[in-house]
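Biologist: Hi! Could you walk me through this model, one piece at a time?

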Amino acid sequence: MNKVVELVIVGAGPAGIEAALTASTAGVEVTLIDSAPSPGGQYFQQNPQGFKKESLAASQVKAQRFLGRLSSSKVTVLNHTLVWGIFEGTQPGTWCLTLHGPTAPPRLHAQAVILATGAFDRAIPFPGWDLPGVITAGAALRMIKHQRILPGKRALLSGTGPLQLQTAALMVQAGAEVVAVCECAPALLKRGVAQLPSVWGQWERIKEGLDYLNVLLQARVPYRLGWAVTAVDGEERVRQGAIQKLGPAGNPISPGEVFQEIDTVVLGYGLTPRTALVRQLGCDMEYQTRCGGFVPRRDSSLQTSRAGIYAIGDGAGLGGAEKAILEGRLAGYAVANQLGYLSEVNAKAILARDNPALRREDRFAWTLATLFSPPAGLYALADDDTVICRCEQVTLGQLRHAIAAGAQTVNDVKNLGRAGMGNCQGRTCGTIIAQIMTVETGKTVEDLRYFNIRPPIHPLPLHVIEEYNPGSFQREDRQ
Ligand SMILES: Cc1cc2nc3c(=O)[nH]c(=O)nc-3n(C[C@H](O)[C@H](O)[C@H](O)COP(=O)(O)OP(=O)(O)OC[C@H]3O[C@@H](n4cnc5c(N)ncnc54)[C@H](O)[C@@H]3O)c2cc1C
């Protein structure tokens, strides 16, 4: 019989690490898994091995402290290990996770599972967005902060929110010429003042944003509010980019301007929660604009609709590193309570203690979403020849054909034209197709749903599937 671990956590970002430390300190036996070579996730990401740096930024000092606690804990950490599926286990009330990694067992059984899978960059398509040289803000930041590589010498930025502001400032500081930053949100000052009560006290974060703005100001970088990049062009790679002013619904309303001789366009339209595993499990989902899209429905202990499966951090609704840590703590205690290491009374007391901080982070996340959600009109920038599903090379024209042929949901579009069936399994195009369909059909995203997903959730070498015992796979899958 397979050994059953008490708690498996998928994702070693701030949420997953805090959950692991909390549960382990309470006495729970914890295995923490991440596909990255080292723990840290997005926020506490570590530099590659052998990489030397003269001084550390404040967030890196914090990361080292956080990761130090992990390495001196009893938590078993499996790096470089992808969780490619999750199923009901053979013993009642247990779960089976299927793994792929150099030192990982092929599967692991657990009494409880915390999914802390984070988020990924959101892109918005327009003519030319698939040219080399067009990258996302997350990728640009990763290159600058962790690899010390400048993504390009002459860059145009388009997007919304603090991540793109940070990207622009760091690009300038790293020596790039930033020709313009287009922030699609209009009238930020006026709308920001209206939000002051909900961000009251968040002075450090506000100061960080103002510092980035100041960098742009000093470098005389044009910061266009209510503008966006609407098309880019080039032969081998991006060479020119057009920007236009947007109307209230996000549709371009001016002839705009064209920037020549650029080599990079950075898109920073925020993040989308990574929900492949909760969807594969069939957890109840709900659409929440402020959380970044479809997210699992959770109870007050952050448990999903499937007993023993918890979802926390950005993967359960965007909120930033502090919120991810708070949710990690809460879920760690909830599992300790579920497994009998913490009394109900103590669990409730902890919930009451941490709730105000969590509510404060929730309010902040809500404010950011209110100020910086991309407007619907931006999803009408692509033309018939624009590739929407890059893995399967499906164009907007082909999507329109599927809609005209009767597609009612994003899954119908997938079935009729292969969009979302490629390497990324619809991670990038899933949200885009839903948003485009709202523009084309007038339906809501809730009506259009999200791509169904089957294991493996990521591409795998065929030998992994071959080595997997198919009989046992089917048994666990069907329970
Ligand atoms: C470029 C960038 C800059 C940011 N800057 C800030 C900032 O200044 N301040 C701030 O508060 N927030 C910032 N954020 C947001 C912050 O990083 C996130 O809110 C925070 O990291 C969320 O923590 P998390 O634990 O939920 O997820 P993450 O940190 O994203 O960690 C999720 C982990 O899960 C792993 N994973 C996912 N799926 C699987 C799987 N199937 N198998 C194995 N492993 C898996 C991933 O490899 C990843 O390591 C930034 C985000 C980005 C992308």
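**Helices, rings and loops**

Modeller: Helix α3 (residues 137-147) and helix α4 (residues 162-173) pack at an angle of about 40°, and their axes are 10 Å apart. The axes are lines fitted to C-alpha atoms over the stretch in contact, with angles from 0 to 180 degrees between N-to-C directions. Helices (H or I, at least four residues) and strands (E, at least two) are DSSP runs, numbered from the N terminus.

Biologist: Before we go on, what kind of model is this?

Modeller: This is a predicted model, where local features need pLDDT of at least 70 and side-chain atom pairs count only at pLDDT 80 or more, while totals for chains, interfaces and linings use all residues. Residues are numbered from 1 along each chain as its sequence is written, and side-chain values use heavy atoms, with hydrogens and water left out.

Biologist: Thanks. What do you call the arrangement of α3 and α4?

Modeller: α3 and α4 are oblique to each other. Angles under 35 degrees are roughly parallel, over 145 roughly antiparallel, 65 to 115 roughly perpendicular, and the rest oblique.

Biologist: Which residues in α3 and α4 meet?

Modeller: From α3 there are Ala-137, Ala-140, Leu-141, Ile-144 and Lys-145, and they meet Leu-163, Gln-166, Thr-167, Leu-170 and Met-171 in α4. Contact here means heavy atoms within 4.5 Å.

Biologist: And at what angle do α1 and α2 cross?

Modeller: Roughly 40°: helix α1 (residues 14-25) and helix α2 (residues 58-71) have axes that come within 10 Å. That makes α1 oblique to α2. Pro-14, Ile-17, Glu-18 and Leu-21 of α1 meet Phe-66, Leu-67, Arg-69 and Leu-70 of α2.

Biologist: How about α1 and α9, at what angle do their axes cross?

Modeller: They cross at roughly 30°, and the axes of α1 and helix α9 (residues 321-338) come within 7 Å. That makes α1 roughly parallel to α9. The residues in contact include Pro-14, Ala-15 and Glu-18 of α1, along with Gly-328, Gly-332 and Tyr-333 of α9.

Biologist: New topic: how many aromatic pairs are there?

Modeller: The count is 5 aromatic pairs. One of them is Tyr-43 with Phe-44, a tilted pair at 5.1 Å centre to centre and 50° between the planes. Rings of Phe, Tyr and Trp (its six-membered ring) pair if their centres lie within 6.5 Å; planes under 30 degrees apart are stacked, over 60 edge-to-face and the rest tilted.

Biologist: Is Phe-44 buried or exposed?

Modeller: Phe-44 is buried, at a relative accessible area of 0%, whereas Tyr-43 is partly exposed at 42%. Buried means under 20% relative accessible area, exposed over 50%, and partly exposed in between (1.4 Å probe, protein chains only). Tyr-43 and Phe-44 also form one aromatic cluster with Phe-66, a residue of α2 that meets α1.

Biologist: Which charged ends sit over a ring, say that of Trp-227?

Modeller: The charged end of Arg-224 does, 4.6 Å from the centre of the Trp-227 ring. Arg-427 likewise lies over the face of Phe-120, at 5.6 Å from the ring centre. The rule is that NZ of Lys or CZ of Arg is within 6 Å of the ring centre and within 35 degrees of the ring normal.

Biologist: You mentioned Trp-227. What is Leu-246 in contact with?

Modeller: Trp-227 is on that list! Leaving aside neighbours within four places in sequence, Leu-246 is in contact with residues including Cys-184, Trp-227, Pro-252 and Leu-378. Leu-246 lies in the loop between β13 (240-245) and β14 (257-259) and is buried at 8% relative accessibility.
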